Amino acid sequence: PGLDFCSLANAGSIDIAEQINSRFDDLDFIHDLGDLKIKISGCMNACGHHHVGHIGILGVDKKGEEWYQITIGGSAEEDACLGKIIGPSVAKPDVASTIETLLETYLDTRLDGEPFLQTVHRIGVKPFKAAVYG
């Protein structure tokens, strides 16, 4: 729930979810992505289980401002694993565009029909990091 409902949180999560939802309203694009689990937490308590999201978003406080650390490659399935941090946290207004860059990188590098998680495990974090941070 982040700052919206939790006194322990240091960043919002609902507004980040809304930012992502409004950015990705093309149903054909969403269908083409296949199975993708995005998980968001508003603090290190990890109520949103961001660390096991295919894409995880962790809200952090930096000098009174909300920033978001992005991880990729996590899973809570039988092949459970923690996501890897792609780099420095991103500013709140940049979260949806960062997710878009990650997804475009996935679409450019996946094998035919390959799910996001398998692509991340096959090529690693480096190409995604390069796409986001240059």
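**Entry 1: Arg122.** I looked up Arg122 and found it in helix H4; helices (H or I, at least four residues) and strands (E, at least two) are DSSP runs, numbered from the N terminus. The model is a predicted one, in which local features need pLDDT of at least 70, side-chain atom pairs count only at pLDDT 80 or more, and totals for chains, interfaces and linings use all residues. Residues are numbered from 1 along each chain as its sequence is written, and side-chain values use heavy atoms, with hydrogens and water left out.

Arg122 counts as partly exposed because its relative accessibility is 38%; buried is under 20% relative accessible area, exposed over 50%, partly exposed in between (1.4 Å probe, protein chains only). Leaving out residues up to four places away in sequence, I list Thr109, Arg110, Leu111 and Glu114 as touching Arg122 (contact: heavy atoms within 4.5 Å). From Arg122 to Thr109 I note 13 residues in sequence and 9.9 Å between C-alpha atoms.

**Entry 2: nonpolar core.** I looked up the largest nonpolar core, which has 22 residues, with Ile57, Ile72 and Ile99 making the most contacts inside it. Such a core is a set of buried Ala, Val, Leu, Ile, Met, Phe, Trp, Tyr and Cys residues joined through side-chain atoms within 4.5 Å. H3 gives the largest share of this core, five residues. Beyond its neighbours within four places in sequence, Ile57 has contacts including Ile16, Ile20, Val95 and Ile99.

**Entry 3: H1 and H3.** I record a right-handed crossing of H1 past H3 (near helix turned clockwise from the far one by less than a right angle; left-handed if anticlockwise). On the H1 side, the contact is made by Ile16, Gln19, Ile20 and Arg23.
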